[in-house]
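Here is a short briefing on a protein chain. Look at the structure first, then read the points beside it.

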Amino acid sequence: MKTNRRSFITKSIIGASLLTNANLFSAQAESLDNLNKSKRISIRKDDVILFQGDSITDNGRDRKNKNANDNWALGSGYANLAAAVLLEKYADKNLKIYNRGISGNRIPDLQNRWQEDTIDIQPTILSILIGVNDFWRTKDSGATNTPEQFKKQYQTLLQQTLSKLPNVKLIIGEPFGVKNVQHVTEDWFPDFAGYQQTCVDISKEFNASLIPYQSIFDHAAQKASGSYWTTDGVHTSLAGASLMAKGWLDIIK
């Protein structure tokens with residue numbers, strides 16, 4: 001247990017250091033500016049930032065730990081790495097950052113736990129990465145769901161959110177799949193693109209910031225193979241988590 005703890009903390013510290021040293025807020029080698037003209041978000045004093053989603057966001061977090069700004073509660077993925085940079089850079093802003101991602105979740109799962117895991121937290125900035133399981137389960141479990149159904153579910157979720165949190169700033173992460181890495185085979189496409197396009201449409205409809213993760217990973221594949229960035233085409237390696245954190249942080253101005 002001590003070894004796991006030491007490894008976890010070491011990864012978080014190293015990751016945060018690499019992110020900070022890279023000056024993520026001003027100059028990425030593959031800047032999001034070249035991929036997507038999305039709205040930027042300003043960090044304000046006492047902001048409450050919530051990361052929501054599936055296993056990519058969850059990333060091994062201690063679900064019993066409800067504390068803000070806690071390594072164990074934030075998991076070991078992109079949410080932790082992004083939070084580390086935010087907490088260091090904005091040490092004077094009294095930020096509270098939470099992770100409530102749960103492995104395997106789809107939109108209906110978010111809806112079932114939304115009051116407790118989102119509304120009750122009262123976030124001022126809400127980041128959502130969802131959609132890969134909504135599609136994936138149609139491939140491996142025979143689930144019935146279309147991009148049109150997915151869109152209606154997503155719209156309902158955000159409408160309910162804005163009715164209770166009218167001033168929340170929304171960040172929509174595009175679901176992604178790194179091609180030809182284990183689970184993500186050629187038969188994911190072009191069907192999966194319908195779910196990705198839904199997230200693009202949703203971001204415009206609800207005036208949300210969009211993180212184009214598919215483009216980000218596609219560009220990264222020019223530097224190293226897909227298996228370098230993900231373990232199975234969906235779940236990230238440490239390098240992939242850092243890549244996601246950079247994409248997230250690039251919308252912060």
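The crossing of α9 and α11 is right-handed; a crossing is right-handed if the near helix is turned clockwise from the far one by less than a right angle, and left-handed if anticlockwise. The contact brings together Tyr213, Ile216, Phe217 and Ala220 of α9 with Gly240, Leu243, Met244, Gly247 and Trp248 of α11. Contact means heavy atoms within 4.5 Å.

This is a predicted model, in which local features need pLDDT of at least 70 and side-chain atom pairs count only at pLDDT 80 or more, while totals for chains, interfaces and linings use all residues. Residues are numbered from 1 along each chain as its sequence is written, and side-chain values use heavy atoms, with hydrogens and water left out.

**The chain as a whole**

- The protein chain holds 11 helices and 5 strands. Both are DSSP runs, numbered from the N terminus: helices are H or I with at least four residues, strands are E with at least two.
- Of its 253 residues, 52% count as buried. Buried means under 20% relative accessible area, exposed means over 50%, and partly exposed lies in between (1.4 Å probe, protein chains only).
- The accessible surface of the protein chain is about 11500 Å². Carbon and sulfur atoms hold 47% of that surface. The areas come from the Shrake-Rupley method with a 1.4 Å probe; for residues, only the protein chains shown count as cover.
- Take the contacts in the protein chain with a separation of 6 or more: 79% of them join residues 24 or more positions apart.

**Helices α9 and α11**

- Two packed helices are described by the angle between their axes and the distance between the axes.
- Helix α9 covers residues 213-220 and helix α11 covers residues 238-249. They pack at an angle of about 130°, with their axes 11 Å apart. Axes are lines fitted to C-alpha atoms, for helices over the stretch in contact, and angles run from 0 to 180 degrees between N-to-C directions.
- α9 and α11 are therefore oblique to each other. Angles under 35 degrees count as roughly parallel, over 145 as roughly antiparallel, 65 to 115 as roughly perpendicular and the rest as oblique.
- The residues in the contact of α9 with α11 are 7 nonpolar, 2 polar and no charged. Here Ala, Val, Leu, Ile, Met, Phe, Trp, Tyr, Cys and Pro count as nonpolar, Asp, Glu, Lys and Arg as charged, and the others, Gly among them, as polar.

**Tyrosine 213**

- Tyrosine 213 sits in helix α9. It is buried, with a relative accessible area of 1%.
- Setting aside neighbours within four places in sequence, tyrosine 213 is in contact with Tyr78, Leu129, Gly173, Glu174, Phe176, Met244 and Trp248.
- Tyrosine 213 and leucine 243 are 30 residues apart in sequence. In space they are 9.1 Å apart, C-alpha to C-alpha.

**Helices α5 and α7**

- Helix α5 (residues 107-117) and helix α7 (residues 147-164) cross at roughly 15°, and their axes come within 10 Å.
- α5 and α7 are therefore roughly parallel to each other. The crossing of α5 past α7 is left-handed.
- From α5, Ile107, Pro108, Leu110, Gln111, Trp114 and Gln115 meet Phe150, Gln153, Tyr154, Thr156, Leu157, Thr161 and Lys164 in α7. These residues divide into 7 nonpolar, 5 polar and 1 charged.

- Glutamine 153 belongs to helix α7. At 22% relative accessibility, glutamine 153 counts as partly exposed.
- Glutamine 153 and glutamine 111 are 42 residues apart in sequence and 8.7 Å apart in space, C-alpha to C-alpha.
- Beyond four places in sequence, the contacts of glutamine 153 include Asp134 and Asn145.
- Threonine 198 lies in helix α8 (residues 191-205). It is buried, at 4% relative accessible area.
- Not counting residues up to four places away in sequence, threonine 198 touches Pro147, Phe150 and Lys151.

**Backbone points**

- Most residues other than glycine have a negative phi, and most peptide bonds are trans.
- A cis peptide bond joins phenylalanine 189 and proline 190, with omega about 10°. Proline 190 is in the loop between β4 (169-173) and α8.
- Glutamine 122 has a positive phi, near 60°. Its place is the loop between α5 and β3 (125-129), and at 45% relative accessibility glutamine 122 is partly exposed.
- Glutamine 182 also has a positive phi, about 50°. Glutamine 182 is in the loop between β4 and α8 and is exposed, with a relative accessible area of 58%.
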